[in-house]
Amino acid sequence: MGYMDIRKLNLDELVGVVNLYPWFGGARVELCERMSRMGGDAWGVAQYADAAMYVGAREKLAALVRSSSRNEWGDAD
């Protein structure tokens, strides 16, 4: 039996994996990283907090929340 590389899934497939297997912490971290890279108001602190319940090492999620809160997405120029 093979395995699935979650990094190669598109966003909809990844969300499906997280919904189907809510305890799969690796998929949740990957989803949080993608949502953080998308920027904007796509995800808030509440969504990261929900994901953190299923992740053993929460330092990575905490760093994502801190880095996304420091980004300026406005058009200052």
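Colleague: What share of the contacts in the protein chain with a separation of 6 or more comes from residues 24 or more positions apart?
Modeller: This is a predicted model, in which local features need pLDDT of at least 70 and side-chain atom pairs count only at pLDDT 80 or more, while totals for chains, interfaces and linings use all residues. Residues are numbered from 1 along each chain as its sequence is written, and side-chain values use heavy atoms, with hydrogens and water left out. Contact means heavy atoms within 4.5 Å. Among the contacts with a separation of 6 or more, residues 24 or more positions apart account for 40%.

Colleague: Which pattern does the protein chain follow along the sequence?
Modeller: Helices (H or I, at least four residues) and strands (E, at least two) are DSSP runs, numbered from the N terminus. The chain has 4 helices and 0 strands. Read along the sequence, the pattern is α-α-α-α.

Colleague: Are α1 and α2 parallel, antiparallel, perpendicular or oblique to each other?
Modeller: Axes are lines fitted to C-alpha atoms, for helices over the stretch in contact, with angles from 0 to 180 degrees between N-to-C directions. The axes of α1 (residues 11-20) and α2 (residues 25-38) come within 9 Å and cross at roughly 140 degrees. Angles under 35 degrees count as roughly parallel, over 145 as roughly antiparallel, 65 to 115 as roughly perpendicular and the rest as oblique. The two helices are therefore oblique.

Colleague: How many charged residues has the contact of α1 with α2?
Modeller: Leu11, Leu14, Val15, Val17 and Val18 in α1 meet Ala27, Arg28, Glu30, Leu31, Arg34, Met35 and Met38 in α2. By class (Ala, Val, Leu, Ile, Met, Phe, Trp, Tyr, Cys and Pro nonpolar; Asp, Glu, Lys and Arg charged; the others, Gly among them, polar), the contact has 9 nonpolar residues, no polar ones, and a charged count of 3.

Colleague: Is Tyr48 buried or exposed?
Modeller: Tyr48 lies in helix α3 (residues 45-52). Beyond its neighbours within four places in sequence, Tyr48 is in contact with Cys32, Met35, Ser36, Trp43, Leu61, Leu64 and Val65. Buried means under 20% relative accessible area, exposed over 50%, partly exposed in between (1.4 Å probe, protein chains only). At 5% relative accessibility, Tyr48 counts as buried.

Colleague: What is the geometry of the aromatic pair?
Modeller: A search of the whole structure finds 1 aromatic pair. Tyr21 and Trp23 form it, 5.7 Å centre to centre with 80 degrees between the planes. Rings of Phe, Tyr and Trp (its six-membered ring) pair if their centres lie within 6.5 Å; planes under 30 degrees apart count as stacked, over 60 as edge-to-face and the rest as tilted. The Tyr21 and Trp23 pair is edge-to-face.
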